[in-house]
Amino acid sequence: MVEPSLMRAFADLKLAPIANLTFDLSTGPRTKARTARTTEAAPAMESSSDETDSGTQVRAIDVLWAWLQSRGRTEETARMAGMHRHTPTKYLGVISKELGADLNDPGTTAELWYACRFSRFGSTLK
């Protein structure tokens, strides 16, 4: 058994790189602080308004958690996250790059499952 506070610290540290990353289903990835790294999609991510429709936003942690719960089935992940069936593949690529993790590695997915389960960031998906 692991002390709960240590598990929470591990989980928060593991998911810290994607804690503020959200995906706007109409434009792509974005950070809450609007300090996204410069990419080809950066102009599309900028908005003149700080408010965006929360109905089109999904957090990276929620996408990852849906993928882990569905055991890697992207169509099930898409259904759980409310997006097109091909979109999770693109978003998981961004998540993998941000975490610096290989999502095809069983050990990595086990660590991420525990991290998503015990993190203070928590899932907002139903």
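## Buried side of helix α4

In helix α4, which spans residues 74-81, the buried residues are Thr-77, Ala-78 and Ala-81. Because these residues cover an arc of only 100 degrees around the axis, they lie on the same side of α4. The model described here is predicted.

The partners of this buried side come from several elements of the chain. The buried residues of α4 pack against strand β3 (57-59), helix α3 (60-69) and helix α5 (87-99).

## Exposed face and the end of α4

Which exposed residues does α4 carry on the face turned away from its buried side? These are Glu-75 and Arg-79. Thr-77, Ala-78 and Ala-81, in contrast, are the buried residues of this helix.

Just after α4, the backbone passes through Gly-82, where phi is positive, at about 75 degrees.

## Setting within the chain

The chain contains 6 helices and 3 strands. Starting at the N terminus, its elements follow the order α-β-β-α-β-α-α-α-α.

Contacts across the sequence can be described by their separation. Of the contacts between residues at least 6 apart in sequence, 66% connect residues at least 24 apart.

## Burial and surface of the chain

The chain has 126 residues, and buried residues account for 37% of them. Thr-77, Ala-78 and Ala-81 of α4 are among the buried residues.

Note on methods:
Residues are numbered from 1 along each chain as its sequence is written. This is a predicted model: local features need pLDDT of at least 70, side-chain atom pairs count only at pLDDT 80 or more; totals for chains, interfaces and linings use all residues. Side-chain values use heavy atoms; hydrogens and water are left out. Buried means under 20% relative accessible area, exposed over 50%, partly exposed in between (1.4 Å probe, protein chains only). Helices (H or I, at least four residues) and strands (E, at least two) are DSSP runs, numbered from the N terminus. The arc is that of the directions from the helix axis to the C-beta atoms. Contact means heavy atoms within 4.5 Å.
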